[in-house]
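Please find my notes on the model below. They are set out as numbered points, to be read beside the coordinates.

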Amino acid sequence: MTATLSAPQSIESWLGDEAEDLLTHKAKVSKDLLHLPGPDFVDRIFSISDRSPQVLRSLQQLYSFGRLGNTGYLSILPVDQGIEHSAGASFAPNPIYFDSENIIKLAIEAGCNAVATTLGVLGSVSRKYAHRIPFITKLNHNELLTYPNQFDQIMFASVEQAWNLGSVAVGATIYFGSPESTRQIQEVSRAFARAHELGMATILWCYLRNPAFQQDKDYHLAADLTGQANHLGVTIEADIIKQKLPEVNNGYGAIAQATGHSYGKTNARIYSDLTTDHPIDLTRYQVLNCYSGRMGLINSGGASGKNDFAEAIRTAVVNKRAGGTGLISGRKTFQRPMEEGIKLFHQIQDVYLSPDVTIA
């Protein structure tokens with residue numbers, strides 16, 4: 001499948017009216033407090049941890065592959081949407097991705113560090129591709145075929161299955177804040193411990209899920225709440241945290257006010273001393289909660305829409321300038337012709353390769 005592509009645009013032109021603000025903003029919290037990405041990230045950060053030599057090797061594989069190889073940054077293709085969002089909803093816009101092999105081909109052609117997808121997708125082509133690009137097996141999923149629909153991450157795969165098909169890492173999601181989160185934390189903690197025993201790295205989708213978080217604004221995207229989810233994620237030894245880009249703040253206060261009940265624990269200095277309303281400061285607070293960047297923060301690219309290129313590049317700029325480790329982009333890339341998906345990945349990667357996009 002081919003598409004007519006427009007001439008390359010600069011990062012500034014994609015950012016439009018926000019360009020100067022996003023590219024020159026001075027962060028509230030100094031970058032000197034962070035462990036920043038770099039070519040020596042695995043040596044500098046993980047070699048002093050309890051991770052085994054086999055886990056260090058797996059992490060180095062992730063950080064050494066693709067167009068961002070040996071920069072300390074990650075560009076990952078995730079395709080687990082066929083489970084929760086249904087295969088039809090996910091792949092009808094571009095039916096070539098019903099074929100599992102095309103998912104792997106996109107990640108390779110786009111120069112990604114790795115591909116993160118289901119046991120079934122990776123298992124169907126593992127002997128052909130496990131040595132050609134790092135595999136990340138997503139262990140749990142939410143499925144929406146059960147009636148009535150429920151929202152719960154359940155295990156679809158074992159760590160041993162991921163290891164047998166050649167994965168260098170496993171991924172999982174926890175719906176922090178949900179009634180099921182206690183069980184999910186325990187399940188994923190055990191799975192991550194076993195993955196480390198077998199020499200695989202671990203990536204956690206640290207998502208929030210509770211109707212109470214939807215108030216006047218969507219506090220599923222609050223910096224203080226997502227930051228705490230990140231902190232819980234690194235507590236169970238996730239090596240990399242995946243999180244949505246924050247858009248608001250003071251979720252603790254908003255939920256307490258809306259429900260009329262005390263909620264959680266926070267501190268006013270989070271909002272006065274550690275953050276502002278600027279997206280880079282909100283995202284830096286997410287990085288702080290990943291042990292000040294010892295565990296890399298990758299932000300998600302979000303759903304596909306009319307302005308995918310501009311939105312993805314904006315997210316990459318915010319993530320990089322905040323001290324994050326990269327972007328994980330799914331529907332924006334595979335719900336379009338492959339050539340366009342490859343171009344979008346390259347545009348995202350160019351943000352991390354650009355010396356002009358600095359750490360704020």
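1. Basis. This is a predicted model, in which local features need pLDDT of at least 70 and side-chain atom pairs count only at pLDDT 80 or more, while totals for chains, interfaces and linings use all residues. Residues are numbered from 1 along each chain as its sequence is written, and side-chain values use heavy atoms, with hydrogens and water left out.

2. Helix α7. Helices (H or I, at least four residues) and strands (E, at least two) are DSSP runs numbered from the N terminus. Helix α7 spans residues 100–109 and is mostly covered, with seven of its 10 residues buried. Buried stands for under 20% relative accessible area, exposed for over 50%, and partly exposed for what is in between (1.4 Å probe, protein chains only). The buried residues of α7 are S100, E101, N102, I103, I104, L106 and A107. Their cover includes the strands β1 (74–79), β2 (114–118) and β3 (135–138), together with the helices α8 (119–129), α16 (331–334) and α17 (338–353). Contact here is heavy atoms within 4.5 Å.

3. Ends of α7. At the start of the helix, a side-chain oxygen of D99 comes to within 3.0 Å of the backbone nitrogen of E101. A polar contact is a pair of N or O atoms within 3.5 Å; within protein, one must be able to donate a hydrogen and the other to accept it, and residues adjacent in sequence count only if both atoms are side-chain atoms. Just after α7, G111 has a positive phi of about 70°.

4. Strand β8. The side chains of I240 and K242 point one way from β8 (residues 240–243), and those of I241 and Q243 the other way; all are buried. In a regular strand the side chains alternate between the two faces of the sheet. Strands pair if DSSP finds at least two bridges between them. Strand β7 (residues 201–208) runs parallel to β8 and is joined to it by three bridges, with I203 as the bridge partner of I240. Four bridges join β8 to β9 (residues 296–300), also in parallel, and here I240 stands opposite G296.

5. Crossover. β7, helix α11 (residues 223–235) and β8 form a right-handed β-α-β unit. Right-handed is used where, with the strands pointing away from the viewer, the path from the first strand over the helix to the second runs clockwise.

6. Cysteines. C206 is buried at a relative accessible area of 0%, and C290 is buried at 0%.

7. Backbone angles. Most residues other than glycine have a negative phi, and most peptide bonds are trans. The following sites deserve a look. The peptide bond from Y147 to P148 is cis, with omega near -5°; P148 is in the loop between β4 (140–141) and β5 (154–155). N70 has a positive phi near 65°. N70 sits in the loop between α4 (53–64) and β1 and is partly exposed at 44% relative accessibility. S292 has a positive phi of about 60°; S292 lies in the loop between α14 (279–288) and β9 and is partly exposed at 21%.

8. Salt bridges across the chain. How many salt bridges does the structure hold? There are 17, a salt bridge being a side-chain nitrogen of Lys or Arg within 4 Å of a carboxyl oxygen of Asp or Glu. One of them joins E84 and R209, whose closest N and O atoms are 3.7 Å apart. This pair links distant parts of the chain: E84 is in helix α5 (residues 81–84) and R209 in the loop between β7 and α11, 125 residues apart. E84 is buried at 17% relative accessibility, whereas R209 is partly exposed at 25%.

9. R194 and E160 meet in a salt bridge (2.7 Å, N to O). R194 lies in helix α10 (residues 181–197) and E160 in helix α9 (residues 159–164), so the pair ties together parts that are 34 residues apart in sequence. R183 also forms a salt bridge with E187, with the closest N and O atoms 2.9 Å apart. These two residues are four apart in α10, separated by about one helical turn.
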